[in-house]
Amino acid sequence: MLRGSYNARVDDKGRIKVPASFKRYLDEKYTQPDFYVTSLTGDCARIYPLREWEEIEKKLADQPSWEEIEKKLADQPSMIPAAKKFLDRANYYGQMQEMDGQGRILIYPMLRNEANLSGEVLVFGYLKYLEVWNADNFRRSRLEEQPYTDEDAEALARLGI
């Protein structure tokens, strides 16, 4: 699994060198150097091994059509609008990329600019994908604006964590 965080650098061409421990894992688990680089909010870049991204797409494609849902759940809310929003954002920010021989992956300029990803950045492992953050943005939006609360601890305890 991809876990932990590492400092990394986005070079002048917009490429991030994947930290060595993450690269080792990616090389062992995935035979293809292909990745889908995207974001859902524009505040960070998500780097998915292509096989993991294709699993997400498969789950979205296997959803019933709107007409089928209306027939079965006439007055129930549908997941289809949420899936559409997800794909709208993932496609807006996303591009296919290939890791080069030196372990670098290009982050699309629009996403790189919007997420302020230049120079020193943080790379987080989220089990099956990586997130790349500007350190100040992460600290502000994830640590300060969304503090870890007693309710969070209780929710995790219910999951046995």
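## Ground rules

The model is predicted, so local features need pLDDT of at least 70 and side-chain atom pairs count only at pLDDT 80 or more, while totals for chains, interfaces and linings use all residues. Residues are numbered from 1 along each chain as its sequence is written, and side-chain values use heavy atoms, with hydrogens and water left out.

## The overall fold

The chain has seven helices and eight strands. These elements are DSSP runs, numbered from the N terminus: helices are H or I with at least four residues, and strands are E with at least two.

Of the 161 residues in the chain, 35% are buried. Buried means under 20% relative accessible area, exposed means over 50%, and partly exposed lies in between (1.4 Å probe, protein chains only). The chain exposes about 10,300 Å². Carbon and sulfur atoms supply 51% of that area. Accessible areas come from the Shrake-Rupley method with a 1.4 Å probe; for residues, only the protein chains shown count as cover.

Contact means heavy atoms within 4.5 Å. Take the contacts between residues at least 6 apart in sequence: 61% of them join residues at least 24 apart.

## Salt bridges

Side chains of opposite charge can pair when their charged atoms come close. A salt bridge here is a side-chain nitrogen of Lys or Arg within 4 Å of a carboxyl oxygen of Asp or Glu. By this rule there are nine salt bridges.

Arginine 15 pairs with aspartate 11, with the closest N and O atoms 2.8 Å apart. Aspartate 11 is partly exposed, at 23% relative accessibility. Aspartate 100 pairs with arginine 104, and here the closest N and O atoms are 2.7 Å apart. Aspartate 100 is also partly exposed, at 26%. Arg46, Glu131 and Arg142 are linked in a network of salt bridges.

## A bridge across the sequence

Which residue forms a salt bridge with lysine 128? The partner is glutamate 52, and the closest N and O atoms are 4.0 Å apart. Lysine 128 sits in the loop between strand E7 (119-127) and strand E8 (130-133), and glutamate 52 sits in helix H2 (residues 50-61), so the pair ties together parts that are 76 residues apart in sequence.

Lysine 128 is partly exposed, with a relative accessible area of 44%. Glutamate 52 is buried, at 11%.

## A negative patch

Asp150, Glu151, Asp152 and Glu154 gather in a patch of negative charge on the surface. Patches are made of residues with over 30% relative accessible area and no salt bridge: like charges are joined within 9 Å, and nonpolar side chains (Val, Leu, Ile, Met, Phe, Trp, Tyr) within 5 Å. Lys and Arg count as positive, Asp and Glu as negative; His and the chain ends are not counted. The place of a charge is NZ of Lys, CZ of Arg, CG of Asp or CD of Glu.

Aspartate 152 lies in helix H7 (residues 150-158). Aspartate 152 is partly exposed, with a relative accessible area of 31%.

## Two positive phi angles

Most residues other than glycine have a negative phi. Asparagine 116 has a positive phi, near 55°. Asparagine 116 is in the loop between helix H5 (109-114) and E7. Asparagine 116 is partly exposed, at 40% relative accessibility. Beyond its neighbours within four places in sequence, asparagine 116 is in contact with Asn134 and Asn137. Its C-alpha atom is separated by 10.0 Å from that of alanine 45, which is 71 residues apart along the chain.

Leucine 127 also has a positive phi, near 70°. Leucine 127 belongs to strand E7. Its relative accessible area is 49%, which counts as partly exposed.

## Another residue in E7

Glutamate 120 is placed in strand E7 too. Leaving out residues up to four places away in sequence, glutamate 120 touches Asn7, Ala8 and Arg9. Glutamate 120 and arginine 9 are 111 residues apart in sequence, but 4.5 Å apart in space, C-alpha to C-alpha.
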